[in-house]
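This briefing concerns nonpolar cores, aromatic pairs and charges over rings. Please consult the sequence and the structure shown below.

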Amino acid sequence: MSIHIQIQNIENSRIDSVDFNNLSFGKVFSDHMFVCDYINGSWQNPTIEPYGPITLSPSAKIFHYGQSVFEGMKAYKDADENVFLFRPDENWKRLNISSSRLMIPEVPEDIFMEGLKKLLEVDKAWIPTSDGSSLYIRPFIFASGEGFHASPADNYRLIIATAPSGAYFAGKVRVAIEEKYARAANGGVGFAKAGGNYAAQFYPTQLAIEKGYHQVIWTDDNTHEYIEEAGAMNVFIRINDTLITSPTNDRILDGVTRKSVIQIAQDQGISVEVRKISVSEVIEAAKNGSLKEIFGAGTAAVISPIATFGYQGTDYDLPELTESFAATLKRQITDIQTNKTHDPYGWRVQV
Ligand SMILES: *Cc1c(COP(=O)(O)O)cnc(C)c1O
């Protein structure tokens with residue numbers, strides 16, 4: 001090991017208070033967290049310590065200027081208690097892409113990877129094994145440095161916390177295609193997993209919830225004519241037997257699940273088109289019966305089929321398919337993640 005991590009173990013584990021057969025998403029937290037501070041221009045020696053409250057100055061810039069970025073990953077345990085991550089290098093790279101945009105210092109690969117792996121060793125017992133569950137991993141960095149001046153902070157903190165989790169969505173997902181608000185703009189920070197992007201989505205999402213939907217499908221900020229992505233998922237649309245997804249740009253998060261789905265689908269002969277797709281094309285396909293599926297793809301929900309979408313006051317129901325692309329692709333990707341099948345891509349990383 002090239003970096004030294006000081007480990008302070010919890011005195012009394014909370015694990016016996018957790019019902020691993022009834023896990024919700026991201027609500028209970030494992031015993032430990034990984035912490036690494038960036039002070040005076042360099043990352044300090046990291047620690048693994050009991051998960052718990054932290055102390056910050058009221059003038060810490062995270063509170064005033066929202067300098068914060070995060071990642072979302074999962075750890076899986078197979079029947080033989082082996083622990084796996086899925087494409088963790090992608091998350092490390094993206095964390096730094098997000099950080100750069102927010103003027104947050106980049107994290108060296110060894111601190112991120114070794115910290116993550118050590119944390120999973122320490123809290124291995126928290127990785128659930130029941131079907132559809134996993135240990136959700138939340139690495140995040142925020143401005144801990146002080147000051148009311150609107151400029152980047154001097155000091156930052158990286159924390160990795162984990163939460164044994166079950167399914168993200170339960171039941172049939174209803175989405176509203178957004179006609180007024182936007183989650184991101186050209187030249188903005190939509191491609192970054194920056195905390196503020198999500199805060200800005202809550203209000204329009206709440207308006208959709210009040211109308212009976214779960215989520216918003218965002219459209220482009222300029223014309224609202226093109227489908228972009230969902231709250232924390234990229235979106236795929238199946239017309240006849242072709243899978244269509246929007247190209248990534250500076251308004252769209254470059255999802256690891258998205259690129260994995262594209263690769264797996266192509267490799268089994270599904271035609272995939274990465275191109276702009278307009279709302280009117282989707283409505284037209286819904287009307288003439290060629291619209292077969294819409295699903296979201298993201299680490300938290302994996303693949304989440306949409307049952308209904310609403311647009312301009314009309315609800316459109318998707319057909320219920322017995323052998324959907326969503327179900328097949330979800331099985332294939334989770335079988336790779338959980339070591340139930342051969343991984344021809346080298347995506348699965350044993351810890
Ligand atoms: C995290 C996220 C995704 C999905 O990315 P994954 O790497 O697949 O988890 C998609 N869209 C947004 C806005 C996100 O925050």
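The largest nonpolar core has 38 residues, and Phe 34, Ile 141 and Leu 158 have the most contacts inside it. Such a core is a set of buried Ala, Val, Leu, Ile, Met, Phe, Trp, Tyr and Cys residues joined through side-chain atoms within 4.5 Å; buried means under 20% relative accessible area, exposed over 50%, and partly exposed in between (1.4 Å probe, protein chains only). The model is predicted: local features need pLDDT of at least 70, side-chain atom pairs count only at pLDDT 80 or more, and totals for chains, interfaces and linings use all residues. Residues are numbered from 1 along each chain as its sequence is written, and side-chain values use heavy atoms, with hydrogens and water left out.

- Among the residues in contact with Ile 141 beyond its neighbours within four places in sequence are Trp 43, Leu 95, Ile 104 and Leu 158 (contact: heavy atoms within 4.5 Å).
- A second, separate core of 24 residues includes Val 175, Ile 277, Val 279 and Leu 291.

**Aromatic pairs**
- The whole structure holds 13 aromatic pairs (Phe, Tyr and Trp rings, the six-membered one for Trp, with centres within 6.5 Å; planes under 30 degrees apart are stacked, over 60 edge-to-face, the rest tilted).
- Phe 70 and Tyr 198 pair edge-to-face, with ring centres 5.1 Å apart and planes at 70 degrees.
- Both Phe 70 and Tyr 198 are buried.
- Tyr 181 and Tyr 203 are also edge-to-face, at 5.8 Å and 90 degrees.
- Tyr 181 is partly exposed, at 25% relative accessibility.

**Charges over rings**
- Arg 183 lies over the face of Tyr 198, 6.0 Å from the ring centre (criterion: NZ of Lys or CZ of Arg within 6 Å of the ring centre and within 35 degrees of the ring normal).
- Arg 348 lies over the face of Phe 84, at 5.7 Å.
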